[in-house]
Amino acid sequence: MILGSIQPAVLIAALMVAATPILLAAIGELVVEKAGVLNLGVEGMMILGAVAGFIVAVQTGNATLGFIGAAVAGGLLALLFALLTQVLMANQVASGLALTLFGLGLSALLGQSYVGISPPRTPKLDLGPLSDIPFVGRAFFSHDALVYVAIAIVIGVWWFLKYSRAGLILRAVGENHDAAHGLGYHVKRVRALAIVFGGACAGLGGAYLSLIRVPQWTEGMTAGAGWIALALVVFASWRPFRALAGAYLFGGIVVLQLNLQAAGVKIPVEYLSMSPYLITIIVLVFISSGKARGSLNAPGSLNRPFHASG
Amino acid sequence: MTASAPLLQLSGLTKAYPGVVANDDVSFNIGPGQIHALLGENGAGKSTLVKMVYGLVKPDAGEMRLRGQAFAPGQPSDARKSGIAMVFQHFSLFDALDVAENVALGMENPPPLRDLAKRIRDVSEAYGLPLDPTRLVGELSAGERQRVEIIRCLLQDPKLLIMDEPTSVLTPQEVDILFRTLRKLSDEGTAILYISHKLDEIRALCSEATILRGGKKVATCDPREKSARDLAELMVGQLLTPPERPARPFGDVVLQVDGLSLASNNPFGTSLKDINFALRAGEVLGIAGVAGNGQDELLLVLSGELASPSDRVCLLGKPVGQLGPNGRRELGLVAAPEERLGHAAAPDMSLTENAYLSGAHRKGLAKNGFIDWDKTRGFAESVIARFDVRTPGPHVVARALSGGNLQKFVIGREIEQNPAVIIVNQPTWGVDASAAATIRQALLDLASQGAGVVVISQDLDELLEVADSFAALNEGRLTTPRPAKGLTVDEIGLMMGGAHGMHVAEEVAQ
């Protein structure tokens, strides 16, 4: 068999690692969009997180501090977006695109003297006997802590949106901001908090790339991961566990693409690299056909500016 | 009831917005258990006043006292904690959330959703307003949506329930059920502040009425002791002449719709099912129905914004189902949709530009593919002059006009094109009484000149005033048109589907 050289356990393990950055960015953006805001600056927040995490980790010699720094940096850039779109009422799409370009530029500037350095190693999480289980241990229980943190965030977001009162308010704000305002909820405050959470998640995702997956700092290293995360939110029709599945699917495609090349299969890699976007376009067409139930899950006030009146 | 100490005292409430004083020194009292009407035209300041009571707007001057204590809610949750609940005119509901979640959002300390679902069932049955807590609100009828709002309020045991124009979306039978619920609440000691401009309702329900005009209180009276005419004069401040409708013979059929079915393009929309009617020259066909029963879809498919099989819609004998709006305009069919800003008119374009958008073809406003600005301006000016649109000039953007003035402009723009058929949806929604009278008279004049007119409206009084024949839309089906003369409100109510979900709708239109 042509795929004989690919080991399933290694493949799954690699897939989980490859999926984690986009999963983190996507789950953050999912919360933002559920609050009714479209932040196209995910790529910018990711790359700023990547460089900030890298710098902090190198300077302190501590990868954990690096991740915290990355989350703070992503959150700060998101705060700028919140200021632009929620307070100054700037257009969300234009602000988001500007945020991406700004993040790419700023990260290149900050990272100039860090190219070619190795970051401190992030230890693997010791799960004791679990890691020794044949196959399962190698595939699922031999990762760094961030892989599990990402999954925990997904579960947390799912619980938050489905069961908590704050999550209900957040969905209400995203569904119909005028009605939410009429009931006395603070639309802008809820949205600003969601935006900052989204930025922190994107920053974490970026740092995962620069500190664990690559691990090195190179300019423009996110290479479109932020856009895949944005596509993933739509693909998941704003549901956390579908985002998880989608991230592993897209992550799987990335890993498979590398493995297939190594195995000498003659499929142009471009087909695989474009597949996440193709799938997303198909999902978008399916959703906008109006018949699908998925369309009901799209936040009703997404990308509509909120002006308080009366 | 009136002997006891007042529940809520308003004194000297004043609120000004840039350019307009919404409320000017308004004072009145509401007693416990009293059903108190707040009566006034659109723009009289009713909504601003209740928003102050509910904590959404802060008054510039004046004070409120609740049970004798100073009361100044900073936000709606303060008002809710003090026992004030509100049912909004434009529902404050969330389509994609279920009934229980919607109710929880309007409560201060909601119980867990499972307990809440049970309480919703209990309360809704106790008050004769059945409701399934697990259904998505987007799938409910307008009457059921209102029940969600009411039950959301009742679950908090309010001392004062504010209802803003609650019956504008209900069939007459649903209004009866609502009134029974309100009387029951009143007997239990809940005061109700009932906002409306419908005089008959207020005379049937309320024991005291405060009338606002131009932001000022003009009277507090017992509506049961006043005639509807007296109340109307107090409310409007002038006498209104009902539109004239000279008897006239009908001509040939100008618009024929046969077996038209169409799926809605909106997931929460209503699909049209087997629509049939024939409209003759000089006839005004009134189409009633509670909002969301297919009115928007019907307007779209008649105006040409939605295509249908070619022979389902015939204009002057020609099949036009596949023609777009401009093609139909050229043949003589014009339309004015419900939504003024964004659908009938482009908000940020000037009146001249908006006049061009609709009138280009019939008025020949383009020359060799270029806009003839002089002619277009002249067209806009003629609409402004004939329909008394209050605006500095045609260069003003549509957004800057008040609702009534813009409505006069968008309807006038279509009427000035001398159409053979005109379709209007909610022609006087949110328009003051004198502007509404102008619009209705213009539609009748057009009909007497031989045009066919279709008026889709949720205002039964309006339809009875202008329509020659009458049909109702109910869940996307149109009843067979009947002559409007001699129809009673009860019969019309049944045509509109009776009380949704209360008992099986009876078929009366055969």
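**Reading strands, helices and contacts**

A: In β20(B), B:Val453 is the bridge partner of B:Val284. This is a predicted model: local features need pLDDT of at least 70, side-chain atom pairs count only at pLDDT 80 or more, and totals for chains, interfaces and linings use all residues. Residues are numbered from 1 along each chain as its sequence is written, while chains are lettered from A and ligands numbered from 1 in the order in which they are written.

Q: In which sense do β13(B) and β20(B) pair, and over how many bridges?

A: Strands of a sheet pair through backbone hydrogen bonds, either parallel or antiparallel. Here β13 (residues 284-288) of chain B pairs with β20(B) in the parallel sense, over four bridges. Two strands pair if DSSP finds at least two bridges between them. The names come from DSSP runs, numbered from the N terminus: helices are H or I with at least four residues, strands are E with at least two. β19 (residues 421-425) of chain B also pairs with β20(B) in the parallel sense, over five bridges. There, B:Val424 stands opposite B:Val455.

Q: How many residues of β20(B) are buried?

A: Count neighbours. A residue is buried if 20 or more other C-beta atoms, placed from the backbone, lie within 10 Å of its own; 12 or fewer means exposed, and anything in between partly exposed. For β20 (residues 452-456) of chain B, five of its five residues are buried. Both faces are covered: B:Gly452, B:Val454 and B:Ile456 on one side, B:Val453 and B:Val455 on the other.

Q: Why is helix α1(B) described as largely enclosed?

A: Eight of the eight residues of α1 (residues 46-53) of chain B are buried, so the helix is largely enclosed by the rest of the structure. The buried set includes B:Lys46 and B:Lys51. After the helix comes B:Gly55, with a positive phi near 85 degrees.

Q: What is the strand order in the open sheet of six strands?

A: The order is β6-β7-β8-β3-β9-β10 in chain B, with mixed pairing. Look for the edges next. They are β6 (84-87) and β10 (216-221) of chain B, each pairing on one side only. On average, neighbouring strands are turned by 20 degrees against each other, direction ignored. At one end of the order, β9 (residues 208-213) of chain B joins β10(B) in the antiparallel sense over five bridges. B:Arg213 faces B:Lys216 of β10(B) in that pairing.

Q: Which strands do α5(B) and α8(B) lie across?

A: Angles come from axes, lines fitted to C-alpha atoms (for helices, over the stretch in contact), and run from 0 to 180 degrees between N-to-C directions. α5 (residues 142-154) of chain B lies across β6 and β7 (160-164), at about 180 degrees to β6(B). α8 (residues 228-236) of chain B lies across β3 (35-39), β9 and β10, at about 35 degrees to β9(B).

Q: Which strands stand at the edges of the sheet of four strands?

A: This open sheet of chain B has the order β12-β11-β14-β15 and antiparallel pairing. β12 (272-280) and β15 (318-319) are at the edges with a single partner strand each, so one side of each has no neighbour in the sheet. Inside, three bridges join β11 (residues 253-262) of chain B to β14(B). B:Gln256 has B:Cys314 of β14(B) as its bridge partner. α9(B) lies across β11, β12 and β14, at about 60 degrees to β12(B).

Q: Is B:Ser308 buried or exposed?

A: B:Ser308 is buried, with 21 other C-beta atoms within 10 Å. The residue sits in the loop between α9 (295-303) and β14 (313-315) of chain B. Contact means C-beta atoms, placed from the backbone, within 7 Å. Leaving out residues up to four places away in sequence, B:Ser308 touches B:Leu260, B:Leu262, B:Val301, B:Val313 and B:Gly321.

Q: At what angle do α10(A) and α11(A) cross?

A: Two packed helices are described by the angle between their axes and the distance between the axes. The axes of α10 (residues 225-235) and α11 (residues 240-262) of chain A come within 9 Å and cross at roughly 135 degrees. That makes α10(A) oblique to α11(A). Under 35 degrees counts as roughly parallel, over 145 as roughly antiparallel, 65 to 115 as roughly perpendicular, and the rest as oblique. Residues making the contact include A:Leu232 and A:Phe235 of α10(A), and A:Gly246 and A:Phe250 of α11(A).

Q: How many residues of chain B are in contact with chain A?

A: 21 residues of chain B are in contact with 16 residues of chain A. On the chain B side, α2 (76-81) and α3 (99-105) are the elements that give two or more residues. α3(B) gives the most, with three residues.

Methods
Two residues are in contact if their C-beta atoms, placed from the backbone, lie within 7 Å.
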